[in-house]
Amino acid sequence: MTNNDPLSNALSRIHNAEQRGKRVIETSTDSKMIRRVLDLMNEAGYIGTYEAHDDGKGLTVNLIGQLNACNAIKPRFKCSMEDYAKYEQRYLPAQDFGIMLISTNDGILTHNEAKERGKGGRLISYAY
């Protein structure tokens, strides 16, 4: 099986496990981007903690049952300050509900942090 988008695969595993009521999942890949996305989802209260495997080839993610949906955004649209409202309507179910993750030159931020800093970037994923 090819692994063209590790972030999308990890988020799909998390979403599917949440739908089935599981509390722990294993991802087959590990990267800085996946860890940062999981950190932001943890800070927002959608998932629990995670641990890296000893062999460095995966993560164990603890789920807390707070996630309705999450997914990677493909293609990774360019998003300026003026575009946030448009993409919030497209990917999030309601205003001020959920997070979109944006890759900026300051790193990966939630869309609210990016708005506060006046940053644009590329859309990475969403969760609510």
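Tutor: Start with a term: two residues are in contact when heavy atoms lie within 4.5 Å. The model is a predicted one.

Student: Which residues of α1 are buried?
Tutor: They are Leu7, Ser8, Ala10, Leu11, Ile14, Ala17 and Glu18.

Student: How do α1 and α2 lie relative to each other?
Tutor: The axes of α1 (residues 6-20) and α2 (residues 32-43) come within 9 Å and cross at roughly 40°. The crossing is right-handed. On the α1 side, Pro6, Leu7, Ala10, Leu11 and Ile14 take part, and they meet Met33, Ile34, Val37, Leu38 and Met41 of α2. By class, this contact has 10 nonpolar residues, with no polar and no charged ones.

Student: Why is Ser125 called buried?
Tutor: Buried means under 20% relative accessible area. Ser125 has 1%, so Ser125 is buried. Ser125 is in strand β8. Setting aside residues up to four places away in sequence, Ser125 touches Leu11, Val37, Asn71, Ala72, Ile73, Ile99, Met100 and Leu101.

Student: Is Thr60 buried or exposed, and why?
Tutor: The relative accessible area of Thr60 is 19%, and the cut-off for buried is under 20%, so Thr60 counts as buried. Thr60 is part of strand β3 (residues 59-62).

Student: What makes the pair Thr60 and His53 a polar contact?
Tutor: A polar contact needs a pair of N or O atoms within 3.5 Å, one able to donate a hydrogen and the other to accept it. The side chains of Thr60 and His53 are joined by such a contact at 3.0 Å.

Student: Why is Asp96 called exposed?
Tutor: Exposed means over 50% relative accessible area. Asp96 has 72%, so Asp96 is exposed. Asp96 lies in the loop between α3 (84-91) and β6 (99-104). Its phi is near 60°, a positive value in a residue other than glycine.

Technical notes:
Residues are numbered from 1 along each chain as its sequence is written. This is a predicted model: local features need pLDDT of at least 70, side-chain atom pairs count only at pLDDT 80 or more; totals for chains, interfaces and linings use all residues. Side-chain values use heavy atoms; hydrogens and water are left out. Axes are lines fitted to C-alpha atoms, for helices over the stretch in contact, and angles run from 0 to 180 degrees between N-to-C directions. Helices (H or I, at least four residues) and strands (E, at least two) are DSSP runs, numbered from the N terminus. A crossing is left-handed if the near helix is turned anticlockwise from the far one by less than a right angle, and right-handed if clockwise. Ala, Val, Leu, Ile, Met, Phe, Trp, Tyr, Cys and Pro count as nonpolar, Asp, Glu, Lys and Arg as charged, and the others, Gly among them, as polar. Buried means under 20% relative accessible area, exposed over 50%, partly exposed in between (1.4 Å probe, protein chains only).
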